[in-house]
Amino acid sequence: MDLVLLTNSFPYGNEEAFLEAEISYLANEFETVYIYSFASLQVDSIRSVPQNVKVSRVKKKEDDRLSLKNLAVFFDKSVLKDMFFCHQHYDYSYKRYVGIMSINYDVAKKRILPLLSKHDRKNTIFYCYWFSHLSYALACFKEAKDDAFCVSRAHRFDNFVDFKSCMMRSYILNHLNAVLPISNQGLIEIKKRMLPFSQNKNIKLAIHHLGVDLPISSNPASSSDVYQIVSCSYIWKIKRLDIIIDALSLIRDVKIRWVHFGGGQEQESVCQYAHSKLEHLSNISYEFRGQTPHEDVLNYYENNHVDLFINCSDHEGIPVSIMEAMASGVICMAREVGGNGEIIKNRENGYLLSSDSDSTEFANAILDAIKEQEETKNVMRINGIKKVRENFDSTSVYPLFCKFLKTQFQNCITEERKNG
């Protein structure tokens with residue numbers, strides 16, 4: 001049995017790092033894994049993948065740019081209906097809808113459908129990594145080829161309506177065999193705000209967590225009087241690095257070193273803001289490592305003591321970055337947003353702050369964490385490792401995910417034969 005996987009960029013570049021753990025399990029369970037990646041043509045580097053994984057870059061073309069030609073998609077009644085629906089129910093602007101549909105959703109459909117049609121549908125599972133323009137293309141394929149078995153994961157920005165990523169959701173739900181959110185909060189969102197508008201009563205909805213490889217050794221003990229803080233994320237406004245910066249600017253008389261892994265569209269402005277707020281403080285040092293290979297982040301946890309991992313995002317799925325830090329024995333602190341509460345239990349295995357916590361609250365929480373008894377810290381570290389081992393260990397979650405895909409595929413085949 002083969003698997004077709006649609007990705008935004010993987011294995012090109014450094015994004016979608018969480019697929020690095022999953023791909024080996026997919027390759028082990030399927031005869032051939034075909035990856036169709038929408039990676040930017042500007043990205044040249046490619047990560048290694050197992051030998052039976054065949055990678056193709058879905059190239060954009062000159063006529064993919066927004067033009068009158070591309071606006072022809074709006075003659076499709078289902079698209080027009082969805083545009084008015086999203087405006088009415090989700091406050092989606094018509095201008096934004098037209099732009100995204102024309103240069104993202106419609107392009108994905110045009111580029112992907114011919115590729116998918118080449119595969120033997122009787123022996124292939126079609127799997128989309130994001131509940132977005134890629135899953136829309138997959139749903140279009142499913143509508144054209146009803147005997148295809150098509151599923152999609154759902155993460156954060158592609159799942160929660162408040163992120164304005166709600167286009168064609170009823171259409172996608174009406175056609176795919178299964179949608180698989182990575183968190184319970186994601187499942188609640190789909191059931192509450194999307195499923196009522198779907199007519200597909202047979203769609204399978206099930207939580208399937210992402211997973212991480214458990215490290216061989218735990219984070220080493222501290223050998224310094226400097227309190228070490230790490231954060232790891234793409235740098236853009238929703239990740240709220242400004243809160244970390246403002247919180248650190250409020251702390252005195254404690255030596256703190258903060259290291260951030262990850263680059264992004266707002267890296268320069270965030271670095272400038274950090275300089276303006278922290279440069280004059282003798283007790284605070286900081287470093288922006290920029291876009292960092294996944295393996296290098298894990299090596300940092302293995303070789304450098306970290307007292308606290310911090311995440312101030314306005315929203316999350318369940319961050320793999322938190323899983324990886326926690327698996328290494330690093331205590332984590334985050335807001336109770338998205339699925340964060342599904343991994344962090346306040347003062348049991350980390351610190352969970354309210355969803356609207358500001359820099360003052362984070363500063364106070366950091367000071368409380370610094371003053372925490374060492375015995376309590378050790379218990380939290382142990383509980384964190386246990387939590388990841390029980391719920392997010394890649395050796396458990398990914399084989400279960402593969403088994404789910406194969407079982408659902410076989411059930412679908414059996415049902416088709418029964419019906420005739």
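The buried residues of helix H10 are covered by elements that include E8, helix H9 (294-303), E11, strand E12 (331-335) and helix H12 (374-391); cover is counted by contact, meaning heavy atoms within 4.5 Å. The model is predicted, so local features need pLDDT of at least 70 and side-chain atom pairs count only at pLDDT 80 or more, while totals for chains, interfaces and linings use all residues. Residues are numbered from 1 along each chain as its sequence is written, and side-chain values use heavy atoms, with hydrogens and water left out.

**Helix H10**
- Eight of the eight residues of helix H10 (residues 320-327) are buried, so H10 is largely enclosed by the rest of the structure; buried means under 20% relative accessible area with a 1.4 Å probe, protein chains only.
- These buried residues are Val320, Ser321, Ile322, Met323, Glu324, Ala325, Met326 and Ala327.

**Overall fold**
- The protein has 13 helices and 13 strands, which are DSSP runs numbered from the N terminus (helices H or I, at least four residues; strands E, at least two).
- Of the 420 residues, 55% count as buried.
- The radius of gyration is 22 Å, which agrees with the value near 22 Å for a compact globule of 420 residues; this radius is taken over C-alpha atoms, and the globule rule is 2.2 Å times the number of residues to the power 0.38.
- Among contacts between residues at least 6 apart in sequence, 74% join residues at least 24 apart.

- Leaving out residues up to four places away in sequence, Tyr97 touches Phe74, Val79, Asp82, Met83, Cys86, Tyr92, Met167 and Met168.

Note on methods:
Buried means under 20% relative accessible area, exposed over 50%, partly exposed in between (1.4 Å probe, protein chains only).
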